[in-house]
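Good morning, and thank you for coming. Please look at the structure on the screen while I go through a few of its contacts.

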Amino acid sequence: MDDHRAQVEELLADYRRSREQLVAVQRELAAVSGQASSPDGTVTATVDGGGKLASLELSELAYRRHRPEQLAELIVRTVSAAASSAAEDTYKALSTVLPAATDPAALVAGTADLRPSEYETVDRGQQPVRGRVVDDEDNEQRESWLDSELIDRRVR
């Protein structure tokens, strides 16, 4: 009985350590943000951990140095750089609690448990979409109900 109690205590201690580590990672993820400035310093963007634009600063020179379409492109590139910075910090935070073979970027993208043949990318590669589903029991490929619905809509 004492061995059993010791095992339970050890399991509870492991659980508490894991939970504390997850809480720390969650706090770290909540604090993630990314910031980038354009090469000429006229545009500065800050995004949150999910890549959502939190702030955008344009210097007065931005309007003088760039035509509207150039400024728009510069803003997009700067926001993208800030989002990449935030993503890297997110991946670093997640990698501390993930198994060594797990790719944090694939986990965040929703493709960690999929083979490349099982998903397609749409919207300039931003949203993974599940394609075919592989049945592990008989390894037959079948269309998912979502694919069938999309095919039906295209046919109409």
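**Salt bridges and a hairpin**

There are 4 salt bridges in the structure, a salt bridge being a side-chain nitrogen of Lys or Arg within 4 Å of a carboxyl oxygen of Asp or Glu. This is a predicted model, in which local features need pLDDT of at least 70 and side-chain atom pairs count only at pLDDT 80 or more, while totals for chains, interfaces and linings use all residues. Residues are numbered from 1 along each chain as its sequence is written, and side-chain values use heavy atoms, with hydrogens and water left out.

One of the salt bridges links Arg17 to Asp14, at 2.2 Å from N to O. These two residues are 3 apart in helix α1 (residues 2–31), so about one helical turn separates them. Helices (H or I, at least four residues) and strands (E, at least two) are DSSP runs, numbered from the N terminus. Another salt bridge joins Arg77 and Glu73, with the closest N and O atoms 2.7 Å apart.

Let us turn to the strands. Strand β2 contains Thr46. Is Thr46 buried or exposed? Thr46 is buried, at 17% relative accessible area; buried means under 20%, exposed over 50%, and partly exposed in between, with a 1.4 Å probe and protein chains only.

Finally, β2 runs antiparallel to strand β3 (residues 53–58), joined by 5 bridges; two strands pair if DSSP finds at least two bridges between them. Val47 has Leu53 as its bridge partner in β3. The two strands form a hairpin with 4 residues between them, and Gly51 in the turn has a positive phi of about 85°.
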